[in-house]
Amino acid sequence: MDVLELKERLLEIDKVIAAGDHKDNWRSLIKHKVPDWYRDAKFGIFIHWGVYAVPAFKNEWYPNFMYRNFGGASGVYAHHREVYGKDFEYRDFVPMFKAEKFNADEWAELFKQAGAKFVMPVAEHCDGFQMYDSELSDWCASKKGPMKDTLGLLKSAVEKRDMTLCASSHRMEHYWFMGWMREMEENPVTTEFPYGDMYWPSHKDLFDLDDGEQTRTHGAVNLVNMDELFMQDWLVRCCEIVDKYQPKIMYFDWWIQVAPMKPYLKKFAAYYYNRANEWGEEVTINYKNDAFAHTSAVKDIERGQLSGISPYFWQNDTSVARNSWCYTVGNEYKPPSEVIATLVDVVAKNGSLLLNIGPKADGTIPDEDAHILREVGKWLAVNGEAIYGSYPWRKFGEGPTVTEEGHFSDMKYKGYTTSDFRFTCNDTNMYIFAMKWPADGIVQIKTLGAVQRGNQFNAVIKNVSILGQDECSYRLCDEHLTVIGPKIKTDSPVVIKLELD
């Protein structure tokens, strides 16, 4: 795509906005409605898969770190030179990214087994390589590397199994992501890359990062001198994904919140929502750091949660691995029980969980990732009625464990005690998640005692049962509801169902 074609596409975007109900101003966009299907879905799969899976070292920030010989990046810098040599560029990995074993139907079948309702591949990460068939660039999966439209193949496989396709773009960080090649001690890059090059524009990194994803700040940055051409290119790329693949959620990573991007965020939202009206579909946008106006899209907390119920629907995106979003050799995986507990806590607080996996460069999903997904799916097969289509009760739960709020708070996961409970409702039923099942099978829920000062529970209990278990009895006492269940050993939450009148 040249600049002339870019201008023509920008004119088309303006025409769609002018003709549609949604205009590119916050007053119009804050009327956006969160899709009903999304509120009911609760659980989706995120996929970080790209060229960075070839070196499979440290994390998906490899293309940034490989040019930086200081701080937390120095390990990648040294590794790259030792294994590949100082003259081996990041884009030299592209021909090695063959995805020769990629099978979209096998992926989608696994996601279905996991109980996921929507699937969100990363369409473009910060490295500038598009994982779809783009008319705007030659640096995409259909023309280089895999030589196939991975996003299109996933769309077909996912929708065939009644799941919803979504997409994410991390393109915004590409503005500076490759810029450290200009600061290399040996032979720094001084040339300007032409528009359309994979490395374009490669501005100098604007952040003094220490050790990557887990320690960087996600605070607002207000710049005044961003290249308008880059922002226009960002808009056109995002609209191409919308038109070609019709994703039902568009997720954006951090850094879109910078001040110069605000007009482009409004244009994208208006364009996307108007296109969705044409399709007759409900869609939304995920964002971080107040990039979008409140209620114009759905806020996302990266690797983090809320301490209480949000009156507005929200999302937690996290990964099966603690150390990386992509596949790396030696990933530190979470136990399935922690992932399930996170899902429960998020849903009880009016949220949705987006769980990330990282496939290998050949297109296979690591055994560890697949194991976690299948274990989540087994749990949901028994307890899904307490998750799907549910809504929060008047409080999220009770117990001594306090969930720290904010980005990356799940890196401080402490686990739960036998006195920790979470609540949801569905239809006329209330569900109590015993976050850690006691060895004696007896739990006492204080919130549901017959006489609770300031919080009296007056509903008529018709029946109490434990999902997936035959053994259950209960006593409604003044101070608590006592439920007596089986003496089973499990690391995952156990769900008590209250049928109410």
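Here is a short tour of this predicted model, stop by stop. Residues count from 1 along each chain as its sequence is written, and side-chain values use heavy atoms, with hydrogens and water left out. Local features need pLDDT of at least 70 and side-chain atom pairs 80 or more, while totals for chains, interfaces and linings use all residues.

**The sheet.** Select 421–426 and 429–434: these are β11 and β12, an antiparallel pair with 6 bridges (strands are DSSP runs of E, at least two residues, and helices runs of H or I, at least four, numbered from the N terminus; pairing takes at least two DSSP bridges). Phe421 has Ala434 of β12 as its bridge partner.

**The core.** Next, show Phe43, Tyr90, Phe111, Trp234, Phe268 and Phe292, the residues with the most contacts inside the largest nonpolar core, which has 123 residues. Such a core is a set of buried Ala, Val, Leu, Ile, Met, Phe, Trp, Tyr and Cys residues joined through side-chain atoms within 4.5 Å; buried means under 20% relative accessible area, exposed over 50%, partly exposed in between (1.4 Å probe, protein chains only). Colour 228–245 too: helix α9 gives the most to this core, with 10 residues.

Most residues other than glycine have a negative phi, and most peptide bonds are trans. Zoom in on Trp200 and Pro201, where the peptide bond is cis. Then try Phe408, with a positive phi of about 65°, in the loop between β10 and β11. Is Phe408 buried or exposed? Buried, at 9% relative accessible area.
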